[in-house]
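Here's a quick briefing for anyone opening this structure for the first time. Have a look at the sequence and the model, then read on.

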Amino acid sequence: MKEVKYVFVTGGVTSSLGKGIISASLAKLLQSRGYSVTIQKLDPYINVDPGTLNPYEHGECYVTLDGAETDLDLGHYERFLNVPTSQANNVTSGRIYQSVIEKERRGDYLGKTVQVIPHITDEIKRRIKLVSSGDKFDIVITEIGGTVGDIESLPYIESVRQMKWELGSQNCVVIHLTLVPFLSATGESKTKPTQHSVKELLEEGIQPDILVLRTQRSLNPEIKKKVALFCNVEENAVVESVDVSTIYEVPVKMLAEKLDQTVLRKLGLPVETDPPLTEWREFLTRLKNPKHIVKVALVGKYVELPDAYKSISESFIHSGSMNECDVDVEYIHSEEITEKNVSERLKSFDGILVAPGFGSRGIEGKISTARFSRENNIPYLGICLGMQCAVIEFARNVLNLNGAHSTEIDHKTKYPVIDLMEEQKSIIDKGGTMRLGGYKCIISKNSRSYEAYGKTEIVERHRHRYEFNDKYFDDFMKNGMIPVGINPESNLVEIIEIVDHKWFVGVQFHPEYSSTVIKPHPLFVGFIKACIEKKIK
Ligand code: GLN
């Protein structure tokens, strides 16, 4: 068995410092140096998984290929590394406690008192080690959610302390992220919050090895020196992370700051020449020097918190760069769209994306949006609910099935063009009961989707309950909305397209989850290309 090295990333001072981006950037650099790396996120909340969390509070729920509903940070990990994550990459306190309690009920603890230390911490350590089982990885980067000092994160910090003690500092490195605020009144960057935060970590038994200081403006060397001295960290292990215009610049910045070199040195691994990051830099160059610009409307109901559509907006960045195009995305609340104002609201856009979602709120706005795109030949990408809305619209206005709907919204509809599969009808639980994760799909050759993918067999990730009702298959076919993508095992419809349209694609799956910097998703690339063409004409 090879020896796995562990890097832990903690955060202090405030939340939202970007631990996920720093972890992903470090992983990218280590990967470019030839190491196999994975990233894990430990979330201190009690939910068993983020699947039941409100997107307003927690942002998007990201779905892995193996069907786990996870934290959106896993999306960053995949986008940076271009390697799929899995269920093991995201663990919550809920899941930890659930397995400890299950063991207790089974009598596995032989009558012992079950306690946070050692039982919960042992389970946390087991989960950390589990990601690298099977010798898959040289280095595991584990990001601890929340902020040091939170009651909830204590067992995690304690587990990190124990791992460091057990495996030795050559095998475990702790990176602590803090904020160095700039006070404009005095014109100074302040280190006190960092000092306090490190003190807090020390109280919990951990001396950080590396500090990453988030800051609005570049710090002078004196500040770094001061932080090093006061926080008992080597001077060259104090790294600054200045605000940048795109998260994709962070790996390049961290390379310049030698974060990867410092980590390797501390782990006793050889430091060779810097990775050139050629593809990555090319992506950035294209991103920053667009030849085109298109305006895309993202119609959804969680628009107040852009994190709710994180993977979609990142997919636009990847596919935009691929097309040398600046994609200007406007978030539009579907509740604000009506039959009457739809033209006024949407006519200035080069493309329209109708977002995934659940429940009835704003659904009629999405249906009107689909109609507007169809009738006005505006490139349309409908994702999951966005595909279902296009189907409902087509049924109502082209097939004249008055009142056609999805049974999710109107369970008494006369024309249930979107419906539950028979075997799902008895399920009432909400958590983890959807069609989740990767499923195969076979694409017909004569289609926009085939043009985009360049192949007939694909696997895409799902997160939904309802399906295209194949009772209506022939009706749709005959009238020009073609199911061009079909699941070979269940025959379920995965992709629909309108033949007489510039580019109208609805997908039951979520292409946004698998778009990465190095491999932008083909459907997004195709969609943006269609938007550029529409604009030019
Ligand atoms: N609410 C729909 C369903 O469950 C669509 C889900 C989604 O858009 N992810 O099928």
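Ile442 stands opposite Ile486, which sits in β21. That's a handy way in, but first some ground rules: this is a predicted model, where local features need pLDDT of at least 70, side-chain atom pairs count only at pLDDT 80 or more, and totals for chains, interfaces and linings use all residues. Residues are numbered from 1 along each chain as its sequence is written, and side-chain values use heavy atoms, with hydrogens and water left out.

**Around β21**

- Strand β18 (residues 435–443) runs antiparallel to β21, and two bridges join them; strands here are DSSP E runs of at least two residues, helices are H or I runs of at least four, and both are numbered from the N terminus.
- Two strands count as paired if DSSP finds at least two bridges between them.
- β21 is also joined to β22 by five bridges, again antiparallel, with Pro483 opposite Ile496 in β22.
- Six of the six residues of β21 are buried, so the strand is largely enclosed by the rest of the structure. Buried means under 20% relative accessible area, exposed means over 50%, and partly exposed is in between (1.4 Å probe, protein chains only).

- β21 and β22 make a hairpin with six residues between them.
- Asn491 belongs to the loop between β21 (481–486) and β22 (493–498), and its phi is positive, about 70°, although it is not a glycine.
- Glu324 is another non-glycine residue with a positive phi, near 50°. You'll find Glu324 in the loop between α12 (310–322) and β13 (325–333), where it is partly exposed at 27% relative accessible area.
- Ile117 and Pro118 are joined by a cis peptide bond, with omega about 15°. Pro118 falls in helix α5 (residues 116–130).

**A three-stranded sheet**

- β16, β17 and β20 form an open sheet in the order β16-β17-β20, with mixed pairing.
- Its edge strands are β16 (405–406) and β20 (466–468), each pairing on one side only.
- β16 pairs with strand β17 (residues 416–420) in the parallel sense over two bridges, and His405 stands opposite Pro416 in β17.

- Which helix holds Glu203? Glu203 is in helix α7 (residues 192–203), and at 66% relative accessibility this residue counts as exposed.
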